[in-house]
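Reader: I'd like to learn how to read a model like this one. Can you take me through it?

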Amino acid sequence: MYRACTGHVFEFVRFLELFLELFLETVVERRVAVEVRVEQSETTMSDTGSLAARQTNDLDAFWLPFTPNRAFKRAPRLITAAKGMHYFTPDGRAVVDGLAGLWCSNAGHNRDTIVGAIQRQAAELDYAAAFHFAHPKSFELASRIAALAPADLNRVFFCNSGSEAVDTALKIALAYHNVRGEGDRTRLIGRERGYHGVGFGGISVGGIVNNRKFFGTLLAGVDHLPATYSREQQAFTKGEPRFGAHFADELERIVALHGASTIAAVIVEPMAGSTGVLPAPQGYLQRLRAICDRHGILLIFDEVITGFGRLGHAFAAERYGVTPDLLCFAKGVNSGAVPMGGVIARESVYDAFMHGPEHVIELFHGYTYSAHPLACAAGLAALDLYRDEGLFERAKRLEPLYGDAAMTLRGLPGVLDVRAVGIAAGIDLAPRPGAPGERGYEAMERAFHDEDLVIRITGDTLAIAPPLIVSEAEIGEIFEKVARVIRAVA
Ligand SMILES: Cc1ncc(COP(=O)(O)O)c(C=O)c1O
């Protein structure tokens, strides 16, 4: 009996040993497989401080957002450092950033003044609650942002991302009507092909089917304007297309359907970035503004991409001469260096809340990291850079050249449309039969691996929007690379 038992125990221990050996081998193998040594050449990395970094990672644990995880993990695109217009890969390749990070690093990467501001802030005040307390830089940054915004858009509510900015704006709109005694105004109107982040508010007013269809019933009482794009009428347009102002009139139809007294707000991007750079048609935003005014509906501009210079102005509202009631920003506010977003409200919107006993909170909303000291410090440094280097004006000056460079892609195999506005371009490629998105994905992979270029894709649409510090030569270089990629995936 004893013998039998020890025999079993022995076998079990041996089994455990074997299992552990196998397990360790697999782990070690995988670690070795993804172990990367960063040895940047002295020339490319001379001013980034660190010359070498070592990472030992396992790719399994990180569930990448908005990424096909299995394809990525089979052929990872790793970035370990950045400076100015470039990223650097673990093997020391300099890769041109053709998308300003993710439409956010408008002043370029790792700018010394922003880095220094973050470092100093971290050493001085790492965190201060924004509920019932505040730190001085939050007021300073709010004042600087308000000064950049048009008209009486001068009250700034801080959050941490574009998605939070959108949900914040939608909540402010609903609460605004509520505190004014118009609590029946609960409907929100978005637009097809709109992208407003990934919160439940944002995906409800957003108009991208894959961002909506997996996530249940979303917010109730939401309707959508039609998209403003018509390839037949608008293909290969630089700037705002002439055709399409009438798409705004659909708002009148929606108002007639639901009744104006039930509608709180309309939210649109002045230029829809994520669905492929679709600028508002000429006169469209003006018409939306007029209809909103006629019916007491708040107009919200989602300027998460267009804010801070992308269209040659601090905000697209200025470019189009249309003042929204609420304006969402994020990304470029601190050149993408620390997560931050926010909403700029017209003074009249803010004032509507400033009633009742003074010890009572006026808006029951906010985030632990609202106006985070590091984000504010980075924001002040980024605004200094935008001003001192005239980056918004630079974008405006470069726009014609940028548009011309983008249009050189016209006529390449599979190119259905090219749109360019400000320092942004969208290129629609013909989908491969039965495999939508495959050509676009291959283009992004080839751009990175073969051409040392980062681009953005949405399905088979490519987006190119480099930092605003991009030189004229670099614009030419970027579109030459894109042309080679388009030929390669034809
Ligand atoms: C117009 C717009 N709104 C909102 C968002 C969401 O921003 P975030 O990813 O910071 O939540 C984005 C992101 O690209 C955007 O383009």
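Author: We'll go through a helix pair and then the ligand site. Keep in mind that this is a predicted model.

Reader: How are two packed helices described?

Author: You give the angle between their axes and the distance between the axes. Here, helix H6 (residues 136-148) packs with helix H15 (residues 373-388) at about 35°, and their axes are 9 Å apart. The crossing of H6 and H15 is left-handed.

Reader: Which residues make the contact?

Author: On H6, they include Leu141, Ile145 and Leu148. H15 brings, among them, Ala377, Leu380 and Leu383. By class, the contact of H6 with H15 has 8 nonpolar, 2 polar and 5 charged residues.

Reader: Now the ligand. Which residues are around it?

Author: Among them are Ser161, Gly162, Ser163, Tyr195, His196, Glu269, Asp302 and Lys331. The shell around the ligand divides into 3 nonpolar, 6 polar and 3 charged residues.

Reader: How much of the ligand does the protein bury?

Author: The protein buries 84% of the 390 Å² that the ligand exposes when taken alone.

How values were computed. Residues are numbered from 1 along each chain as its sequence is written. This is a predicted model: local features need pLDDT of at least 70, side-chain atom pairs count only at pLDDT 80 or more; totals for chains, interfaces and linings use all residues. Side-chain values use heavy atoms; hydrogens and water are left out. A residue is near a molecule or strand if one of its heavy atoms lies within 4 Å of it. Accessible areas come from the Shrake-Rupley method with a 1.4 Å probe; for residues, only the protein chains shown count as cover. Ala, Val, Leu, Ile, Met, Phe, Trp, Tyr, Cys and Pro count as nonpolar, Asp, Glu, Lys and Arg as charged, and the others, Gly among them, as polar. Axes are lines fitted to C-alpha atoms, for helices over the stretch in contact, and angles run from 0 to 180 degrees between N-to-C directions. Helices (H or I, at least four residues) and strands (E, at least two) are DSSP runs, numbered from the N terminus. A crossing is left-handed if the near helix is turned anticlockwise from the far one by less than a right angle, and right-handed if clockwise. Contact means heavy atoms within 4.5 Å.
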